[in-house]
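Here is a short briefing on a model with its sequence alongside. Please keep both in view while reading.

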Amino acid sequence: MRVANTSVHFPEGMLDELDRLAEERGVSRNRVIVDSCRQTLRTQRQWPPGFFSNEHRTAVELRDLREGAEEFARALTTGRRRRAPPLR
Amino acid sequence: MIVLHTNVVSALMHRLPTALSRLRMSEPVDVVLCSPVAAEIHYGLSRLAAGSRRRTVLADEYARLREAVVWTDWTEAAASEFGRQKALLGARGSAIEDMDIAIGSVALALGARVATYDVRHLERLEGLSIDDWSESPAP
């Protein structure tokens with residue numbers, strides 16, 4: 001497998017923590033980092049579980065949300081139209 | 001890659017089914033929330049009564065979206081694009097809201113499209129690709 005090298009700057013202490021984790025797992029520091037990157041890439045290609053479901057909301061909350069959508073959008077538009085007075 | 005306009009973020013926060021269907025067509029890694037949009041959303045939230053159920057629920061929905069997608073700050077490239085676009089619009093006598101120029105500039109700097117429910121103003125920005133979410137989502 002072809003590999004590429006790069007330089008990464010870690011916050012102080014994180015590299016020590018990674019080394020401890022690698023030792024516990026009996027793998028290299030490189031392996032821990034690559035596995036983490038792989039996991040991040042996999043996660044970012046999928047929406048979080050339940051993201052498109054409304055099960056986290058009660059029926060009342062959902063009704064409120066949908067009924068209030070236009071009002072919220074209108075408030076944002078109003079904010080845009082307000083301008084500071086011209087400088088003199 | 002798509003940059004969500006404020007009106008799209010608002011629709012998603014309100015769990016509008018057509019907006020959610022449209023979002024589902026993209027992978028989260030290709031969906032961008034940018035700081036000018038966040039500023040407008042925080043303004044909208046701040047206008048709601050503190051501690052109200054509505055504000056709490058909407059802030060929670062915003063946080064869920066923010067957590068799931070890619071974030072980008074206002075960058076130097078976007079600032080440069082903003083200046084260029086605003087000057088072009090001014091020369092044509094075709095001013096639009098600064099926030100729309102800012103959002104469009106973030107997208108142009110990233111080489112992304114803007115997802116919006118209102119193409120009227122954004123389409124005046126030179127070179128910007130737009131996803132019109134007011135159209136029905138593809139099956």
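The points below cover the sheet, the helices, the contact between chains and the form of one chain.

This is a predicted model. Chain B holds an open sheet of five strands. Chain A has three helices and zero strands. The two chains touch: 21 residues of chain B are in contact with 21 residues of chain A.

**The sheet of chain B**

- The strand order in chain B is 3-2-1-4-5, and the pairing is parallel.
- Strand 3 (70-72) and strand 5 (129-132) of chain B stand at the edges. Each has a single partner strand, so one side of each lacks a neighbour in the sheet.
- Neighbouring strands of this sheet are turned by 35° against each other on average, with direction ignored.
- Strand 1 (residues 2-4) and strand 2 (residues 31-34) of chain B run parallel and are joined by two bridges.
- In strand 2 of chain B, B:V32 is the residue that stands opposite B:V3.
- In general, strands of a sheet pair through backbone hydrogen bonds.

**Helices of chain B**

- Helix 1 (residues 6-13) of chain B lies across strand 1, strand 2 and strand 4 (113-116) of chain B. Helix 1 runs at about 50° to strand 4 of chain B.
- Which residues of helix 2 of chain B are buried? They are B:A19, B:R22 and B:L23.
- These three cover an arc of only 100° around the axis, which puts them on the same side of helix 2 of chain B.
- An α-helix has 3.6 residues a turn, so residues three or four places apart point the same way.
- Cover for the buried residues of helix 2 of chain B includes helix 1 and strand 2 of chain B.
- The face of helix 2 of chain B turned away from its buried side carries B:P17 and B:R24, which are exposed.

- On the side of chain B that touches chain A, the elements giving two or more residues are helix 1, helix 2 (17-24), helix 3 (35-47) and helix 4 (53-68) of chain B.
- The residues on that side of chain B divide into nine nonpolar, five polar and seven charged.

**Form of chain A**

- Along the sequence, chain A reads α-α-α.
- The radius of gyration of chain A is 24 Å, well over the 12 Å that the globule rule gives for 88 residues. Chain A is therefore more spread out than a compact globule.
- The C-alpha trace of chain A spans about 60 × 50 × 30 Å along its principal axes.
- Of the 88 residues in chain A, 2% are buried.

How values were computed:
Residues numbered from 1 in each chain as written. Chains lettered and ligands numbered in written order. Predicted model: local features only at pLDDT ≥ 70, side-chain atom pairs only at ≥ 80, totals over all residues. Pairing = 2+ DSSP bridges. Helix = DSSP H or I, 4+ residues; strand = E, 2+ residues; numbered from the N terminus. Axes fitted to C-alpha atoms, helices over the stretch in contact; angles between N-to-C directions. Contact = placed C-beta atoms within 7 Å. Nonpolar A, V, L, I, M, F, W, Y, C, P; charged D, E, K, R; others polar. Buried ≥ 20, exposed ≤ 12 C-beta atoms within 10 Å, placed from the backbone. Arc of directions from axis to C-beta. Rg over C-alpha atoms; globule rule 2.2 N^0.38 Å.
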